[in-house]
Amino acid sequence: MAVVQLDTEDHQPENGFVSPETTSPGLLTRIDGAVLPFLGGFGKYQKQLIVLTWIPALFIGFSQFSDNFLLAQPNNTCVQPLANLTNQTISHSSLLDRPKNISARPAYIYANGSYGNHNDTTSMQCRCSEWTFELHTGLVQNVVTKWSLVCDSAWKVHIAKFSLLVGSIFGYLVFGILADWFGRHPVLIISVLFMLVFGLTVAFSVNVPMFSTLRFFEGFCLAGITLSLYVLRIELCLPGWRFSMTMVANFVVLGGQLLMPGVAYLCRDWQVLQAVIICPLLLMLSYIWIFPESLRWLLATQQYCRSKWIMGHIAQKNRVNMELDTDNILTELQRALQKKPKKTCIVKMVGTRNLWKNIVVLCVNSLTGYGIHHCFARSMMDPEAQETTMFHNFYADYYTMAGIAVASCMALCPAVGLMGRRGGLLMFMIITALASLLQLGLLNLLGKYSVHLNIGRIMSLFLFLSTLNKNFSIAFSIIGMFSSHAVSNLSIFFCAEITPTVIRGGGLGLVLASAGFGMLTAPIMELHNQKGYFLHHIIFACCTLICIICILLLPETRYQPLPETLADGESYTRQPLLPPRKPGEQRLLLAQSESSRDYTRVHDTPLHEAAATAVGKVKTITKVIWIHSLKTMNIRTNCYENPSNTC
């Protein structure tokens, strides 16, 4: 029975696996093909809702990159040393003659919004009772300068950086499950409410533990807003609009990153900056009445009573006459009103065959993309000189990172349009792997031989190789950051398209949480003073090679309807990378010249003759037995009909 079912389905599950929840398809499950076109397609009302998901993306960008300014490391100068220092220490450090600048070099910026300063000061230089700070971020005061988080207290800065990222990771996991169980709209409103509470309370923190704790909950709520808006945006669009609408939202987030230095310069104080970032989210409280629940999620979970009202509302806004129901969608909806809601949790993914594999592959891709992004950003710093190799300026470094991100998103649009989701992801992952391997291999060889060639006669060659090594390192770092940023964004979008509607929140939450783990590697490396950085880069470089192989297992979702149930998600299997030569034509495993060869003389082999003789003998014996059986049956029949005969 299973074989017959597989042959009659349009999409054959891989390896003969049939989901136990497979049901007969109806019009209400064909949302992209029947329901949304009946309601006006991607009409005016849907476009208005999409714009409403773009506006908060600007403030999400502010919050995501706020660590650049709230926790930036300043140049610190000791004004008043401790009184118990010895005269010898004082004479060597010259603290009595003039103030001692402990950190003359500016901190270098990482791509994910974290900073690192160089722990090149001794314990003697940290013995100071009063400091003066100089910030380069446009602020007069931030968290580091307010509580003097330098020297022995510098580790608290890393904990504060952990708090926002760790809160986001837990938020993605928790709110993803809640979005699948209670809906996208309640998760969005609850996240906004708590974001206002915790975000504004951060500005009134009285110490570092309070600041870090509140930032954890701020990141937790920020994850709920980001995830719910992303899912709502995807589920509003028809297949041809999904990617373009998502990329516009990504550009709005990058716009928040670009505008953040100007906002910080106008605010001047970190508490005012925090309040300015959070207060605009008050406008999102109007979404309680403006923004409806996702119609796609309601239909996928069989909540047909609410679906009927929302369908009427959408048709009214799009000015669609619902009486012209040629497909009898309303009739089928009326018959299904008595069905009970059927909700699904992300744990059901474990019982699938293809779906869990696709989600795990995309989780590894997003983790690798964000993790190696930090490695490339760290490579832009000369490890020997312990200073930035770019512009030695906060704003120049900041806008360099932002410019790479913008260029990556701009290149992502035509690449995905030409090669599709899987082809684009594979191309950018290959570029990331090549940039990483060349940086780890070729540049280390150049550095090795430049040291051996450090003799008087060829000093110029040594200088040339050293400069070449430095320039190539910067070039490969920029290329790697460019491609890894594209890999991260495309992995998240890819997951939103592959995951069925009933568990889309949980699946997207897993991929976003994996991206958060990749971002978390930056403050972890800072906490260890960059020890083990080379091994860290090697591990992620090996992960890129694994990801290249795993990407080939993914299906292509371009122009495909979103899967609604687990059975739909199972039907998405991988296709060949190269399309058929003609529509519906499969590529031959053998070339035409090989398939037309003459194999008529194969039967002359001894093995074939022996097999033919054995088959002939078996046929003869079978024929004799069959004739004897017929004769016996005839004799018994005659005896039964004529018992007087002698049998």
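This is a short walk through one predicted chain, from its overall make-up to a few local features.

Ground rules, quickly. The model is predicted: local features need pLDDT of at least 70, side-chain atom pairs count only at pLDDT 80 or more, and totals for chains, interfaces and linings use all residues. Residues are numbered from 1 along each chain as its sequence is written, and side-chain values use heavy atoms, with hydrogens and water left out.

Start with the whole chain. There are 23 helices and seven strands. Those are DSSP runs, numbered from the N terminus: H or I of at least four residues for helices, E of at least two for strands. The chain has 647 residues, and 49% of them are buried. Buried means under 20% relative accessible area, exposed means over 50%, and partly exposed is in between, with a 1.4 Å probe and protein chains only.

Now contacts, meaning heavy atoms within 4.5 Å. Take those between residues at least 6 apart in sequence: 82% join residues at least 24 apart.

On to salt bridges. The rule is a side-chain nitrogen of Lys or Arg within 4 Å of a carboxyl oxygen of Asp or Glu. That gives nine.

Which parts of the chain does the bridge between aspartate 32 and arginine 296 link? First the geometry: N to O is 2.8 Å. Aspartate 32 sits in helix α2, residues 31–38, and arginine 296 in helix α13, residues 295–300; these are distant parts of the chain, 264 residues apart. Both residues are buried.

Next, arginine 184 and aspartate 180. Their closest N and O atoms are 3.2 Å apart. Arginine 184 counts as buried because its relative accessible area is 0%. Aspartate 180 is buried too, at 1%. This pair belongs to a network of salt bridges that also takes in Glu235 and Arg504.

An α-helix has 3.6 residues a turn, so residues three or four places apart point the same way. Is glutamate 218 buried or exposed? Buried, at 1% relative accessible area. Arginine 215 is buried as well, at 0%.

Now helix α10, residues 242–267. Its 26 residues reach 37 Å from first C-alpha to last, close to the 38 Å expected at 1.5 Å a residue. The expected span is 1.5 Å times one less than the number of residues. Where is the kink in α10? At leucine 259, shortly before proline 261, and it is about 40°. The bend is the angle between axes fitted to the seven residues ending at a residue and the seven starting there.

Just after α10 comes arginine 268, with a positive phi of about 70°. Most residues other than glycine have a negative phi. Arginine 268 lies in the loop between α10 and α11, the latter being 270–278. It is partly exposed, at 35%.

Tyrosine 559 also has a positive phi, near 65°. Its place is the loop between α20 and α21, where α21 is 566–571. Tyrosine 559 counts as exposed because its relative accessibility is 61%.

Threonine 432 is in α17, residues 394–452. It is buried, at 1%. Which residues does threonine 432 contact, leaving aside neighbours within four places in sequence? Ile372, Phe376, Gly480, Ser483, Ser484, Val487 and Thr544.

Cysteine 543 is in α20, residues 533–551. It is partly exposed, at 23% relative accessibility. Cysteine 543 and isoleucine 372 are 171 residues apart in sequence, yet 9.3 Å apart in space, C-alpha to C-alpha.

Last, the surface. Ile190, Leu193 and Phe194 form a nonpolar patch, with about 260 Å² of accessible area together. Patches take residues with over 30% relative accessible area and no salt bridge; like charges are joined within 9 Å, and nonpolar side chains (Val, Leu, Ile, Met, Phe, Trp, Tyr) within 5 Å. Isoleucine 190 is in helix α8, residues 184–202. It is partly exposed, at 40%.

Conventions: Accessible areas come from the Shrake-Rupley method with a 1.4 Å probe; for residues, only the protein chains shown count as cover.
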